[in-house]
Amino acid sequence: MQVSRRVILLGSTGSIGQSTLDVLRHMRDLPELEFELVGLGAGTRGDELLKQAKEFGVRDISLADAEVASGLQFDGTLHAGAGSARDLVESIARPGDLVVAAIVGSAGIDAVMAAIDAGCDIALANKETLVAAGSIVMPRAAERGVHLIPVDSEHNAIYQCLRGCDSDKEIRRIVITASGGPFRGMDQETVRNATPEEALAHPTWDMGQKISIDSASMMNKALEVIEAHWLFGLSSDRIEVIVHPQSIVHSFVEYVDGSVLAQMGPPDMKTPIQYAMTWPHRMEGCSDRMDWESLQSLVFEQLDHDVFPPVKMAHEVIERGGTAGAVFNAANEVAVEAFLNRQILFGGIHDLVREALDGIPAQEVHSLADIEGADAAARALVRERIGELMNRPATMGENK
Ligand code: NAD
Ligand code: MG
């Protein structure tokens, strides 16, 4: 069987982007696959983007940082500025192409929408797009008849375990595994006062900065619960989380007859990335294999919701519906940035997201403009609160 596909990779300089390029390098050795990389998009790292374009012979690229882009010499088409990933997609995407969406944050929504409108399938890493705009993205994808295949390891696992399941009535619930992050087992006070260095040190996954902080705060699992709600069309009471520190079981699907299917493998994003790219086929992979000889046991624990409250907030966000996901996501994005800039304590991330959710009522979503409005309102509220906290003598929310 021969599989040929044009691929556009957005977020190519990031952790998922670079792993995707590793998968594409590996695919060159598979005679049955002809994946042609035709577009590359990135945020700020212009030199790295040019290097990638040269290696893969890509003629169309985009860079969100217009200033950096203006200093680049590129013998092809370079789209620059905030909307450049969308411009790139609009200019080169054809029906049936595959867009790997690996931009971080709600900045990726526009390009995903453009890809869906162009009739492309999406290998989706950019979970924030679904958290903020799932109510627009999912119906549009269905309308256009395009496939949205999750790259996020847990959702990719569930997607695999759902193969052959043709009705969600067969599913009792899904159980998303969480590694527990660097602060598993620690007490509330220690976690609230953690430094960026401590929070960035993930025990099992090597990832970009934002998702590493999200993993430490358990916001990542919260985003994943909401992502699963949109991807699989399940109500919040059918989505659970369990801590599994080894990150070998990537998630479970429990069926109504009592059968539980799990997908397992060593923690390496190249496996779900490749599956999302070659779906519905499976091809020779390039990740480490399971080492069955050293595997002694699999460990599972309950999540401590007192120390890590975000997962409960995620269920609340699903129940509220409307723009709640956009508010939740945007507030978290701003708070994570402030934490990395040492403007707030680690525990302040949760507090600020809580304030945004309580301060901005969920509105119905009719269009992307409603999402953008909620996103902007949450960013403004959180930025204002951070400003107030920084101008006050030190209290619980800030870093000295
Ligand atoms: P990263 O920070 O390493 O990379 C992000 C990429 O997006 C970079 O190429 C950056 O230049 C680009 N980018 C950032 N802002 C942009 C903008 N405004 N316009 C265009 N491009 C922009 O992040 P990552 O860890 O690769 O994560 C990417 C996405 O995948 C996130 O949504 C994350 O939650 C998800 N994800 C990552 C992993 C992982 O292992 N890293 C696992 C599951 C899901
Ligand atoms: Mg994940």
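Helix α10 and its surroundings

Modeller: Helix α10 is followed by Met218, whose phi is positive, near 75 degrees. Helices here are DSSP runs of H or I with at least four residues, strands are runs of E with at least two, and both are numbered from the N terminus. This is a predicted model, in which local features need pLDDT of at least 70 and side-chain atom pairs count only at pLDDT 80 or more, while totals for chains, interfaces and linings use all residues. Residues are numbered from 1 along each chain as its sequence is written, chains are lettered from A and ligands numbered from 1 in the order in which they are written, and side-chain values use heavy atoms, without hydrogens and water.

Helix α10 spans residues 209-217, and seven of its nine residues are buried (under 20% relative accessible area, with exposed over 50% and partly exposed in between, for a 1.4 Å probe and protein chains only). The buried ones are Lys210, Ser212, Ile213, Asp214, Ser215, Ala216 and Ser217. What do they pack against? Their partners are α6, α9 (196-200), α11 (219-232), α13 (310-320), α14 and α15 (346-359).

One of these partners is α11: the axes of α10 and α11 are 5 Å apart, at an angle of about 95 degrees. Axes are lines fitted to C-alpha atoms, for helices over the stretch in contact, and angles run from 0 to 180 degrees between N-to-C directions. The two helices are therefore roughly perpendicular (65 to 115 degrees; under 35 is roughly parallel, over 145 roughly antiparallel, and the rest oblique). In this contact (heavy atoms within 4.5 Å), Lys210, Ile211, Asp214, Ser215 and Ser217 of α10 meet Met219, Asn220 and Leu223 of α11. By class, the contact of α10 with α11 has three nonpolar, three polar and two charged residues. Nonpolar covers Ala, Val, Leu, Ile, Met, Phe, Trp, Tyr, Cys and Pro, charged covers Asp, Glu, Lys and Arg, and the others, Gly among them, are polar.

Two other partners of α10, α6 and α14, also pack on each other. Helix α6 (residues 127-144) and helix α14 (residues 324-340) meet at an angle of about 140 degrees, with axes 6 Å apart, so they count as oblique. From α6 come Glu128, Val131 and Ala132, and from α14 come Gly325, Ala326, Phe328, Asn329 and Glu333. Four nonpolar, two polar and two charged residues make up this contact of α6 with α14.

Elsewhere in the chain there is a metal site. The magnesium ion (ligand 2) is coordinated by Asp152 (OD), Glu154 (OE) and Glu224 (OE), at 2.1 to 2.2 Å. Donors are N, O and S atoms within 2.8 Å of the metal (3.2 Å for Na, K and Ca), and water is not among the atoms, so sites may look incomplete. Asp152 is buried at 7% relative accessibility, and Glu154 is buried with a relative accessible area of 7%.

As for the whole chain, its secondary structure comes to 16 helices and 11 strands. Its radius of gyration is 21 Å, close to the 21 Å of the globule rule for 400 residues, so the chain is as compact as a globular protein of that length. That radius is taken over C-alpha atoms, and the rule is 2.2 Å times the number of residues to the power 0.38. Of the 400 residues, 55% are buried.
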